[in-house]
Amino acid sequence: MKRALILSGGGARGAFQVGVWNYLQEAGWDPDLICGTSVGAINAVAIGSGMPLEKLMHIWKTLDRSKAYRRLLLRFLWFALFARTFRPLMDTVPLRNTITNAIDLEALRQSSRDILITTVNIRTNRINLFDQKTIDVDHVMASSALPGFFPWQTIDGQPHWDGGVMVNTPLFPALEQGAEEIIVVLLSPVGQFDQPEPRGVRQVSELAFEQLLIGSYQATLHANNPLWNGREKPRISIVAPTRMLGFRSLLNFSVKQALQLIDEGYEGAKEQLAGVV
C-alpha cells in the first residue's frame with residue numbers, strides 16, 4: 001500500500017476536510033486507504049462511496065443543524081435528575097436521514113479504496129475497526145456518536161459510540177498496512193502549531209480538550225513504534241487549521257462556518273502540503 005488519508009474527528013469542523021479533499025483532488029493525490037473517526041468517518045464513507053466532490057461540497061454547504069440533530073434539553077434534564085436510565089441530549093434521526101439519503105452503501109462495497117472507520121465498544125472499552133465491506137449507517141452513526149450528546153448505536157448486539165473517545169486520529173491502521181505516504185487531516189491546530197499560554201478558564205479548558213483529542217495520535221507518532229516492522233518510517237504530512245476553533249464549532253452546523261472551513265481547508269492544504277503533493 002502506498003498512500004493513506006487519515007481524517008480526524010471534530011463534529012461540524014469536518015467541513016475543513018472537504019476543503020483539503022478538494023485540494024488533493026486537484027493535485028491528483030489519490031489514497032489507497034482512508035481511515036476516519038467520527039465526522040472523519042462520515043467523510044471517509046462518502047468519499048469511499050464514490051461521491052463526487054461537488055456533491056460532498058454541496059451537502060456541507062447546505063448542512064444546517066436541522067439536518068444533523070434536534071435538542072432534547074427538557075427530556076435530558078428530566079432523565080438526568082429523576083430517572084435511572086440515560087437519555088442523550090440530542091436526537092440524531094436527522095443526521096441518520098441525511099447519511100442514508102446521501103451515501104450509496106452498495107457503491108461503498110465496491111470501492112477500490114480501503115475504507116476503515118472506528119468506534120469504541122462501550123462494554124469492552126476497546127477500539128473497533130470496520131471496513132467498507134461491513135459498514136452500514138449504524139456503523140457511521142456509532143463512529144460519530146458523541147457521548148452524552150448523541151445516542152450510542154447497537155452493532156451485533158453490542159453498544160458502540162464515538163471512536164474519537166479513544167482514537168480521534170486513527171493513524172495506526174495505515175501503519176499496520178504499510179502505507180508509505182500518509183496525509184493526516186487534523187481538525188485543530190493543537191499538535192501541529194504552537195499555542196500561546198492560555199488565559200482564563202475557557203482557554204485552559206479548550207486547550208486541555210484539544211490535547212486529549214490529539215493524545216493517541218501523538219503517542220502513535222512519536223513512539224519507537226513496532227508498527228514500522230523493520231520498514232523505513234513512512235512520510236507523514238499534516239494539514240490542520242491554523243487557529244483555535246473553540247468548543248462552539250463542534251456542533252455549529254451552519255452554512256457560514258462550513259463555507260469558511262472549506263476555504264480554510266483548501267488554502268491550508270495548498271500551503272502546508274507544498275512540496276508534498
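The model is predicted, so local features need pLDDT of at least 70 and side-chain atom pairs count only at pLDDT 80 or more, while totals for chains, interfaces and linings use all residues. Residues are numbered from 1 along each chain as its sequence is written, and side-chain values use heavy atoms, with hydrogens and water left out.

**Whole chain.** Select the C-alpha trace: along its principal axes it spans about 55 × 50 × 40 Å. Colour by secondary structure to see eleven helices and ten strands (DSSP runs numbered from the N terminus; helices are H or I of at least four residues, strands E of at least two). Of the contacts (heavy atoms within 4.5 Å) with a separation of 6 or more, 76% join residues 24 or more positions apart. Buried residues make up 51% of the chain (buried is under 20% relative accessible area, exposed over 50%, partly exposed in between; 1.4 Å probe, protein chains only).

**Cores.** Next select L5, L24 and W60, the residues with the most contacts inside the largest nonpolar core, which has 60 residues (a core is a set of buried Ala, Val, Leu, Ile, Met, Phe, Trp, Tyr and Cys residues joined through side-chain atoms within 4.5 Å). Apart from that core lies another of 18 residues, among them L171, I182, L207 and I238. Return to L24: leaving aside residues up to four places away in sequence, L24 touches L5, W29, I183, L273 and V277.

**Surface patch.** Select I127, L129, V165 and M166, which make a nonpolar surface patch of about 300 Å² (residues with over 30% relative accessible area and no salt bridge; nonpolar side chains, Val, Leu, Ile, Met, Phe, Trp or Tyr, are joined within 5 Å, like charges within 9 Å; a salt bridge is a Lys or Arg side-chain nitrogen within 4 Å of an Asp or Glu carboxyl oxygen). Two or more residues each come from β6 (126–131) and α8 (164–167). L129 sits in strand β6 and is partly exposed, at 34% relative accessible area.

**Two positive phi values.** Go to S38, in the loop between β2 (33–37) and α2 (39–48). Its phi is near 60 degrees, positive in a residue other than glycine. S38 is buried, at 7%. Finish at D156, between β7 (153–155) and β8 (158–162), where phi is near 50 degrees. Is D156 buried or exposed? D156 is exposed, with a relative accessible area of 75%.

Methods: Accessible areas come from the Shrake-Rupley method with a 1.4 Å probe; for residues, only the protein chains shown count as cover.
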